[in-house]
Amino acid sequence: MRAPRASVQAPEWQIWLALGIVYIVWGSTYLAIRVMVETMPPLLSGGVRHVVAGAIIFAILLLRRGPGALRLTPAEWVGGGLIGLALLLGGNGLVVLGERDVPSGLTALIVAVVPLCVVVLRRIFGERIPLGTLIGVVAGFAGVAVLIIPEGVNGTVSVVGMLMIVGASISWSVGTYFSRRLTLAQDPLASTGVQMLVGGTALLAVGALTGEAALVQPQDFSTESLLSLGYLILFGSVLAYTAYTWVLIHASVSRVSTYAYVNPVVALFLGALLLNEKVDATMLLGAAIIVVSVWLVIRTEARRSVRPAAALEAEPSQL
């Protein structure tokens, strides 16, 4: 699913505004998820988020372009649905489960390796990978080890929760990689709407099957959790993705892909500032290694004069 290129260059201030929305909003979604799952069932609340956001996107398409915008082929529904299952059921589902026990900043840092996981998939399926990209991948996974091992050994963070976040990153990477190999709707918003509706419905179904329905006690939902859910729907899923889609059309992918190493820094800062999450020297070291490794991969891929790291040209690794 390639974004169409704009025939007229947009003003720089508009490009930076859109990038700023992607930087800040997607960086803040980890914090919002952490607050949401404090009093709300994780899978069901995640399902509500994506089903509602998908419905809003479809409503926008219907109002702007008429019923024709929603006439998708069966292949487009199947392709979008499969990607939605990988990205949202596997990716977002494991994140909301893991964030019950894992700080939001640490979660964002682990998820930041998604572009590196996609490089591994590219190699598994026979693509030749430049040396600089391989070095970045090895360094990135070393950074994840620096984050996870000390926290697991000293017992300060749930190992199971961190492994869920790793699993989420792998699932998101699989969905991202195969998004270029399945039939998706030509309109990026229509494709996103399909993915959100299918993935969100799957989250609701799995949440119900695993007993989360019994945990739905609206009187126990905190105001903060409800506001976080609303923020994730309107800002994380609708506004930021629209900004991302727009800026992909009006700016180079290399420039847009900077979100991959800005988001975790934003998440780490917000988690420490608003939730008093611990940030120690080991986390800063792991963060630095991951951010630099992703930068190296993006830079190396950009020098090949292709769209950098397939992970960065499909739906973003914001969860």
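The model is predicted, so local features need pLDDT of at least 70 and side-chain atom pairs count only at pLDDT 80 or more, while totals for chains, interfaces and linings use all residues. Residues are numbered from 1 along each chain as its sequence is written, and side-chain values use heavy atoms, with hydrogens and water left out.

Helices first. They are DSSP runs of H or I with at least four residues, numbered from the N terminus. Two packed helices are described by the angle between their axes and the distance between the axes. Axes are lines fitted to C-alpha atoms over the stretch in contact, and angles run from 0 to 180 degrees between N-to-C directions.

I start with H5, residues 114–124, against H6, residues 131–154: the angle is about 125° and the axes are 9 Å apart. That makes H5 oblique to H6. The scale is: under 35 degrees roughly parallel, over 145 roughly antiparallel, 65 to 115 roughly perpendicular, the rest oblique. H5 passes H6 in a left-handed crossing, that is, the near helix is turned anticlockwise from the far one by less than a right angle; clockwise is right-handed. On the H5 side, Leu 116, Cys 117, Val 119 and Val 120 meet Thr 133, Gly 136, Val 137, Gly 140 and Phe 141 of H6, where contact means heavy atoms within 4.5 Å. By class, this contact has six nonpolar, three polar and no charged residues. Ala, Val, Leu, Ile, Met, Phe, Trp, Tyr, Cys and Pro count as nonpolar, Asp, Glu, Lys and Arg as charged, and the others, Gly among them, as polar.

H5 also packs on H7, residues 159–178, with axes within 9 Å and a crossing of roughly 60°. H5 and H7 are therefore oblique to each other, and their crossing is right-handed.

Next, H4, residues 104–111, and H11, residues 259–274, pack at about 170°, axes 7 Å apart. They are therefore roughly antiparallel. Ser 104, Gly 105, Ala 108 and Leu 109 of H4 meet Pro 264, Ala 267, Leu 268 and Gly 271 of H11.

Last, the largest pocket. On a 1 Å grid over the protein atoms alone, a pocket is an open set of points where a 1.4 Å probe fits, with protein on both sides within 12 Å along at least five of seven lines; lining residues have an atom within 4 Å of a point. The largest pocket holds about 240 Å³, the space filled by probe spheres set on the points, which are joined across faces, edges and corners. Of its 14 lining residues, Arg 64, Arg 65, Leu 189, Thr 242 and Thr 245 lie nearest the centre. H9 gives the largest share of the lining, six residues.

Notes
Helix = DSSP H or I, 4+ residues; strand = E, 2+ residues; numbered from the N terminus.
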